[in-house]
There are 2 protein chains.
Amino acid sequence: MKAEIIAIGTELLLGNIVNTNAAHLAEGLASVGIDTYRQTVVGDNPERLKEALEAAYEVADMVITSGGLGATGDDLSKETAAAYFGKKLVENETAKAHIREFMENLGRKLTENQWKQAMLPEGSIALQNSNGTAPGFILEADGKTLIMLPGPPSEIVPMFDKQVIPYLREKSGEILVSRTIHLAGIGEAAVESELHEEMLTMSNPTLAPYAKEGIIDLRITAKAQDTEQAYRMIAPVEQMIREKFGVCVLGADEDTMESVIVSLLKERGWKIATAESLTGGWVAGKIVSFPGASEVFEGGFVTYSNEAKMNLLGVKKETIDTYGVVSEETAGEMAKGAAEKLGCEVAVATTGIAGPGGSTEKTPVGTVCFGVYINGKIQTSTVRYTRNRNSNRDFSVIGALNRVRLEILNDNI
Amino acid sequence: MKAEIIAIGTELLLGNIVNTNAAHLAEGLASVGIDTYRQTVVGDNPERLKEALEAAYEVADMVITSGGLGATGDDLSKETAAAYFGKKLVENETAKAHIREFMENLGRKLTENQWKQAMLPEGSIALQNSNGTAPGFILEADGKTLIMLPGPPSEIVPMFDKQVIPYLREKSGEILVSRTIHLAGIGEAAVESELHEEMLTMSNPTLAPYAKEGIIDLRITAKAQDTEQAYRMIAPVEQMIREKFGVCVLGADEDTMESVIVSLLKERGWKIATAESLTGGWVAGKIVSFPGASEVFEGGFVTYSNEAKMNLLGVKKETIDTYGVVSEETAGEMAKGAAEKLGCEVAVATTGIAGPGGSTEKTPVGTVCFGVYINGKIQTSTVRYTRNRNSNRDFSVIGALNRVRLEILNDNI
């Protein structure tokens, strides 16, 4: 089966927003074995959408659109698509019920415009929108499939993942199963050189790397008759990766740095505190991103000034004067101070120069010192990142949390 | 003039990377008054590219491509494009000199493949690549313009901004100038209803709204003979917006919430502290995102547990027991505690339920209480967000900082 993705939105054509939806849809289609032939972006303009639909169905059996389903009058996409298939828009009872439910949950009244969103082409399957009022829908007609989805990522992503993907999986008959192994504390180049041969020669399962903000994902994808067979094909590849990369393996699939840290701490009944300078709260913020964080995360300190480091965390003035505020000694005292103030078994500290200013001969921009405290023991380390201010801070967050992970694992032995 | 953007790359079709180039090119084209008619993504496939070029020139005078110019054998884009115009690929001396210069700067030897990159369609203007070896080029033929650029953002962005934009500006003879006014503390719907008439009827300058994470941008764009005239046309529209939205106007162009807060505090010689629960460090992290933050930001507390709120910030047990941990009373005591502990004139506190768990009858998920302390005075407020966990936290960050901004401005009167 061949699909085309059409994004509808003048703001995309003007470059005001980036078309992240297309990548998400394309990735999902690939995961169920559907080839994407082309991606197109058109403005909020019925004539252009009509042309795009015509061109798409010349080469594809399936078109997935994003955007153009809002409640305002300019959103004529549904009308255009219905007309293309010679269908009328009719009130869809399922869609109506979903919209009512969504608004009732918010405790709000429906407006006339919102009711209009329940109008879908005749014969459509309504898709529920868990984060908005505009329903999506699937229409099958004349041997073609049209799937129209809302534009905001918070609406389209869950709708696509939870409703469209299962529908497509059933339709395709063949099953594609992926498992992603996450690596931390190792560079992209090192991973690729280590797996160069495998990535080139493997065909089923396939193996592909993706790097994002200090984490390398290795995706293993198997094509099979059923899920069980696919997992049997994936298992030896996962085994090989785990042996090759050992402690750099952070986890798999839905595991994240923060979920792994939270569960390592939970297993041990430990709590964690943070002490941050250049990351300015982002290490704590990352831990809190995981819904279970409150069980292990007590709190933290953002000590941006030297005074805050001394007054809140008890970093010694001599330490800062002798070794500098960006030093492993300072990082170690910060971690110790945070653990003691909050009564935690574990603490992590960051101090560094995010840039662009602040460089000295001894400590150039991008230098970051980490301190990890576990039950009285302190480990420190230094790295140098070579990115811009906020990217250096992002990498420092992962660097800090990965050091916590490794020290907890070490501590266990 | 009408343009179409074609991105070439199988990794885009597979959803492995997001097409950020298209947004960058589209925004640049809009800035010089060139309309983008459509954006397309095709794989690394000569036949598909040929079809895409044919379809593009049916409606556009100019095509800009990204990607497909690498040194490897699969990159047949240049050949395909040259063939479309009935041109041969010939060695371009300028391109050759650029490649030699680039490699010499790196202290590396040229490979045979890299030399091949100097082959461009006859009559092309070579574009220098400051971050790679693949040159871009501009070809004008048969009344059409083709601009082919490399794919990696680090290569295409400077090439486009520094070489293509000046070329286009000269070609168009007309100048387009934009100024963006940022609003905070007001919803998208309210802004649109307030400016509905203007947005529909204004043609030069135009006025368009964009919403992102709690900030509404209003972009005013004027087409004129020169920059000065454009700014004269923009000024009354900006004036109108400032009068209509008053204190909701956060700033313009490169102003951000964090830069505005930092400069308000700097003007007054004040320092700020943070006390965060559900935002977990993101309010502090946002302030630190601005490079000048160290002049006004002392530090902050992430007090995720009740104990941390009491022990670090001096929140009273009775306050939590009587009013709840998510209450304006707790938020107020948190802000006061942070200001006092860090000796700051200003402090901001957040406490709330990010979700998905934690809902109670009295305080449903998404409820967030804010506290702002300024020189002994405390202001508190409550809102309810209806998004997912981390989006509720993002909105809370902007909500918290905007309250600081408003209270500082109020305090001035």
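1. pLDDT is the predictor's confidence in each residue, on a scale from 0 to 100. In this predicted model, chain A has an average pLDDT of 92, and 98% of its residues score at least 70. Where pLDDT is low, the predicted coordinates should not be read in detail. For the complex, the predictor reports an ipTM of 0.78 together with a pTM of 0.79.

2. On the chain A side, Y37(A), Q39(A) and Y304(A) account for 12% of the area buried against chain B, more than any other three residues.

3. As to charge pairing, zero salt bridges are found by the rule across the interface of chain A and chain B.

4. Seven cavities of 30 Å³ or more are present in the structure. The largest cavity has a volume of about 110 Å³. It is lined by 16 residues, and those closest to its centre are N19(A) and V41(A) from chain A, with N19(B), A22(B) and Q39(B) from chain B.

5. Which elements give two or more residues to the lining of the largest cavity? From chain A the element is β2 (35-42), while from chain B the elements are β1 (2-8), α2 (20-31) and β2 (35-42). By class, the lining of this cavity comprises ten nonpolar and six polar residues, and no charged residues.

Technical notes. Residues numbered from 1 in each chain as written. Chains lettered and ligands numbered in written order. Predicted model: local features only at pLDDT ≥ 70, side-chain atom pairs only at ≥ 80, totals over all residues. Heavy atoms only, no water. 1 Å grid on protein atoms, 1.4 Å probe; cavity = no way out; pocket = protein on both sides within 12 Å on 5 of 7 lines; lining within 4 Å. Points joined across faces, edges and corners; volume = space filled by probe spheres on them. Helix = DSSP H or I, 4+ residues; strand = E, 2+ residues; numbered from the N terminus. Nonpolar A, V, L, I, M, F, W, Y, C, P; charged D, E, K, R; others polar. Buried area = accessible area lost by both parts, 1.4 Å probe. Salt bridge = Lys/Arg side-chain N within 4 Å of Asp/Glu carboxyl O.
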